[in-house]
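These are my notebook entries on a structure that I looked up.

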Amino acid sequence: MKKIVLMIVASVLVFGCNNDDNNPQPTPNATVEFTFTHNWDGDVIENSDFDLLQYFNANGEQMSISKLVYLISDVTFTNLSTAVSYDAGDYNLINVREGTNLTFTPDIEIPEGEYLVTFTFGFDDEDNQDGIYPDLNSADGGWNVPMALGGGYHYMRLEGKFVDNTSAQANYAYHTIRANDNTTTPITLQDTSFEVSLGQVTVGSSTSVEVKMNVAEWFRSPNQWDLNQLNTVLMPNFDAQIMMYENGSTFNGSTGVFSKGTVTQ
Amino acid sequence: MKRSLAYIALCCLLVVSCTTDQDDNTDGYTATPLELNIPPLFAEKILPPVIPEDNPQSVEGVTLGRKLFFDKKLSADNTLACAGCHSPASAFSDPRQFSVGIDGTAGTRNSMPLFNLAWNYNELFFWDGRAASIENQALFPVIDPIEMHNTWPEAVNTLQADPEYPALFEAAFGTQNIDSTLVTKAIAQFVRTLISGNSKFDRYLAGTEQLTQSELNGLNVFLDENRGDCFHCHGNPNNPLWTDNIFHNNGLDETHIDRGRGAVTGDPREFGTFKTPSLRNLAYTAPYMHDGRFNTIDEVIDHYSEGLVYSETIDPLMKKVDEGGVGLTPEDKADLKAFLLTLSDPSFISNPDFQDPN
């Protein structure tokens with residue numbers, strides 16, 4: 001994959017040199033760093049915020065976050081003047097509470113310039129192959145999804161407690177994976193990873209892009225999430241996975257959980 | 001893909017560890033390198049084991065470490081070896097609820113089985129994670145007043161005065177000058193060789209053995225969020241460790257006499273959390289839990305099925321806590337137990353390389 005991209009890049013460069021001697025082509029020598037920050041409607045989420053029943057979701061439930069671990073992959077840079085796309089094809093597993101992998105530099109060098117930057121939340125089906133990534137099999141006791149649910153990997157594990165409609169504390173585990181219905185034969189699978197666009201970014205010699213996740217959005221729109229109804233056992237729940245996908249992405253014009261924060265050069 | 005990245009990182013690590021070997025404090029002495037006997041499934045599925053740069057595995061180091069592990073001389077009155085609370089027949093755990101130290105004092109936690117510890121990537125050892133490496137861990141029991149109740153200077157003197165040990169240290173580390181660092185390095189090398197990867201379930205994954213219908217259903221219970229949902233903490237067929245090595249409160253108590261991880265970090269959010277144990281070798285490691293409160297696997301399953309109790313730090317993965325759990329059917333319980341037992345590895349406890357050499 002990566003090699004193909006590089007070959008395309010190389011041929012574009014050769015082509016470019018032959019045809020435009022006055023305009024020397026930039027060399028692909030810039031890497032781009034991403035930093036991941038997390039907030040609840042603007043309030044920064046740090047280690048000390050975990051396990052506190054301090055958030056209210058759109059449906060009005062008081063809730064806490066005790067775990068937030070998620071996977072992003074295929075950060076793609078599309079050059080706005082050459083239309084060439086660059087994708088290192090790698091991935092990053094972010095553990096917010098532990099503060100691991102909060103910065104990530106995709107393993108690819110690109111020419112400086114103006115880019116459209118996108119990434120995938122989770123793994124698309126091409127990458128979501130069962131058991132093939134030793135680091136993910138080793139992470140968090142195994143980042144895998146059981147074969148009975150279609151195999152592959154989790155996209156996100158968001159867990160915590162909420163005050164239910166009997167005023168008791170209850171647990172939730174908002175795990176996002178590929179939607180699956182194993183009551184059919186063969187199992188019905190639907191890729192619920194989604195592409196996130198960070199819009200236009202100027203890439204210079206040392207560019208850093210902040211990616212913000214507003215966790216409240218997972219519970220807001222287009223589906224106002226009722227934790228009393230949907231709290232645990234969400235992995236085998238096809239419809240719940242579709243709703244998570246819709247809330248996380250910019251489906252139907254909704255805000256989505258991700259946005260571009262500060263870009264520094 | 002990141003996989004290749006991991007391999008590159010691994011290669012760098014190897015290069016780094018090779019270079020540092022040379023400027024070791026032992027004047028360039030190198031013992032005979034020894035590769036860990038990594039099961040093919042581990043090599044395929046998970047990241048390589050953690051071996052510190054300054055303590056590479058060697059034939060002589062492991063031989064020495066094994067001798068030390070089984071030697072009562074490390075204790076103050078020559079009556080108790082590491083193996084006294086970590087016996088091979090119990091997958092290097094202790095069948096007693098609480099082990100008893102040299103002064104006859106019992107501890108308050110159940111001994112832990114020792115296998116596959118080189119794959120504890122977080123490198124936090126003990127039920128509460130208070131030791132930061134296998135080497136570091138080995139410092140504790142020797143001086144623990146309710147265990148071997150020795151002092152390190154005394155233990156080192158004993159070994160130094162012994163007719164055999166100085167030569168063994170020379171062979172392992174290139175020096176006859178024994179100290180606690182070298183003692184714990186040798187023990188750690190032996191502990192890293194304690195690898196268990198040949199259970200019925202491993203052979204099932206390798207395609208050389210079949211599981212019964214009951215065992216297969218038990219695996220489904222284990223992996224089903226509606227029923228067992230054990231895999232989020234205890235691993236899955238792609239993770240042969242069968243633990244996440246992370247600290248959780250799995251709903252044992254309303255109040256925590258033993259604060260576990262929380263007592264080490266001081267963080268109330270971790271009160272009553274303990275390191276998830278591996279589910280390998282349960283056939284040999286009873287009793288169960290940090291305080292050895294359950295004598296049988298059935299009691300453990302009953303706990304998860306209907307015995308959960310609420311406390312503030314209980315893990316969100318514990319379901320229907322107000323009802324005590326999800327309430328497994330008798331059949332699912334029996335099948336779950338049958339599956340768990342496929343993770344036990346008789347060839348581990350009978351491995352001749354792991355028995356008392358003395």
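This is a predicted model: local features need pLDDT of at least 70, side-chain atom pairs count only at pLDDT 80 or more; totals for chains, interfaces and linings use all residues.

Chain B exposes about 15,400 Å², and 56% of that comes from carbon and sulfur atoms.

Entry on overall form. I looked up the secondary structure of chain B and found 15 helices and two strands. The C-alpha trace spans about 60 × 50 × 40 Å along the principal axes of chain B. A compact globule of 358 residues would have a radius of gyration near 21 Å, and chain B agrees because its value is 21 Å. I also recorded that 52% of the residues of chain B count as buried.

Entry on charge. Chain B carries 25 positive and 50 negative side chains. The centres of the two sets lie 3 Å apart.

Entry on the backbone. I kept a general rule in mind: most residues other than glycine have a negative phi, and most peptide bonds are trans.

I found a positive phi, near 65°, at Phe92(B). Phe92(B) sits in the loop between helix 3 (59–69) and helix 4 (134–143) of chain B. Phe126(B), with a positive phi of about 85°, is in the loop between helix 3 and helix 4 of chain B.

Are these two residues, Phe92(B) and Phe126(B), buried or exposed? Phe92(B) is buried, at 0% relative accessible area. Phe126(B) counts as buried at 17%, because the cut-off is under 20%.

Last, I looked up a cis peptide bond between Ala286(B) and Pro287(B), with omega about -5°. Pro287(B) lies in the loop between helix 12 (282–285) and helix 13 (297–306) of chain B.

Terms used
Residues are numbered from 1 along each chain as its sequence is written. Chains are lettered from A and ligands numbered from 1 in the order in which they are written. Side-chain values use heavy atoms; hydrogens and water are left out. Helices (H or I, at least four residues) and strands (E, at least two) are DSSP runs, numbered from the N terminus. The radius of gyration is taken over C-alpha atoms; the globule rule is 2.2 Å times the number of residues to the power 0.38. Buried means under 20% relative accessible area, exposed over 50%, partly exposed in between (1.4 Å probe, protein chains only). Accessible areas come from the Shrake-Rupley method with a 1.4 Å probe; for residues, only the protein chains shown count as cover. Lys and Arg count as positive and Asp and Glu as negative; His and the chain ends are not counted. The place of a charge is taken as NZ of Lys, CZ of Arg, CG of Asp or CD of Glu.
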